[in-house]
Amino acid sequence: MVLLTDAYGRVMRYLRLSVTDRCNLRCRYCRNGKFERFIPHADILRYEEMLRFVGLATALGISKIRITGGEPFVRKGCASFLAMLRQRWPALDLHITTNGTLLEPHVPLLAHLGVKAVNLSLDSFDRATFAAVTGRDVLPAVIASMDKLLTTGLRVKINVVAVRGVNDTQVDDFVHAAKTLPVDLRFIEFMPMGSGTPWNRENFWPAVEIEEEISRRVRLTPITDNQENAGPARMYAVAGGRGRIGFITSMTDHFCRACNRLRLTSDGHVRTCLFTDREYNMRDLLREKRVSDLRLADTLRRICSLKPIGADILRLRASGKAVAKRRMTSIGG
Ligand code: SAM
């Protein structure tokens, strides 16, 4: 098999596939109301086009796919799309990132399809804070989805975007959750994504400081198992806890050298790195009848060979300046 490799010897194994840029929440750090403009429907890839892309990618060594958005379940037919992925590629590692608001009815299907883990974005266990962050008072629906995932036996990872002045006063709640729930609770450092990002030095809450705060409350023991540490999160066992705590240090300690990711935006653009706006329009190629799978595969290989080291790009930017023009909601995280 010819693999997707780059100039630094990295091999692409993981595709983050955004099925929509639309979302039913308005998270303060993710999208900025002032710049709200959705991608026109005609420009969004149809599911068949996504399946064709996945076929190419898997033939070139991609073995893990994460469905993301916007909010994936806002797009009609998302659950059927997942079923199609599973049917065509039974060995694929399937993952989902969701805000959990519309998830509950789909949980049995996800279990049936053997989804490996569900990443739930949940920035606060406090209802008022949750509503303030997301613009909607829907924490109970997210908790109901989480409970259903857990009772169904699905693996749950909770993503907390750490923002000082927003959820830094809720460390006790997070520790309580990691002690009582069998989940991986991961703090993601806030990234200045998208023009108009509300990121600044004051609201940036670095992982080292979160770790210190937590360590004052509970003993954290690093997980050394390589398999368990394969992702970007540095994971810790929580003394006496059912869950674990992790830190995704996107801003302060880069994991670019081990990055094996590729992103496909909902409008069919390949991004090889979160931190650059360099994108490659695959949609037009996918829609051009004369373009064969062979040519598409060749194009994808060339795109991947140019994957940059994101940390180098970050270093060249003035601190606080947006690292990408697109907002997270249209990239998929
Ligand atoms: N709607 C889904 C959700 O809420 O999980 C998927 C899309 S969301 C854009 C994917 C992930 O990106 C979420 O975990 C979200 O919290 C994270 N995210 C969004 N903006 C971010 C930012 N500026 N810095 C760090 N993480 C961010």
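Before we look at how two helices meet, one term: a helix axis here is a line fitted to the C-alpha atoms over the stretch in contact, and angles between axes run from 0 to 180 degrees between N-to-C directions. Keep in mind that you're looking at a predicted model.

Now find helix α1, residues 47-59, and helix α9, residues 293-305. They pack together at an angle of about 65 degrees, and their axes lie 10 Å apart. Angles from 65 to 115 degrees count as roughly perpendicular, and α1 and α9 are therefore described as roughly perpendicular to each other. Their crossing is right-handed. Who does the touching? On the α1 side, the contact is made by R52, F53, L56 and A57, while α9 brings in D293, L296, A297 and L300.

Next, move over to strand β1, which covers residues 14-18. Is this strand mostly covered or mostly open? It's mostly covered, with five of its five residues buried. You can check that face by face: Y14, R16 and S18 sit on one side, L15 and L17 on the other, and all of them are buried.

So which strands does β1 pair with? One partner is β2, residues 64-68, which runs parallel to β1 and is joined to it by five bridges. To spot this pairing in the model, look for L17, which stands opposite I67 in β2. Another partner is β10, residues 261-264, paired with β1 over four bridges, again in the parallel sense. Here, L15 is your landmark: it stands opposite L262 in β10.

Methods:
Residues are numbered from 1 along each chain as its sequence is written. This is a predicted model: local features need pLDDT of at least 70, side-chain atom pairs count only at pLDDT 80 or more; totals for chains, interfaces and linings use all residues. Side-chain values use heavy atoms; hydrogens and water are left out. Helices (H or I, at least four residues) and strands (E, at least two) are DSSP runs, numbered from the N terminus. Angles under 35 degrees count as roughly parallel, over 145 as roughly antiparallel, 65 to 115 as roughly perpendicular and the rest as oblique. A crossing is left-handed if the near helix is turned anticlockwise from the far one by less than a right angle, and right-handed if clockwise. Contact means heavy atoms within 4.5 Å. Buried means under 20% relative accessible area, exposed over 50%, partly exposed in between (1.4 Å probe, protein chains only). Two strands pair if DSSP finds at least two bridges between them.
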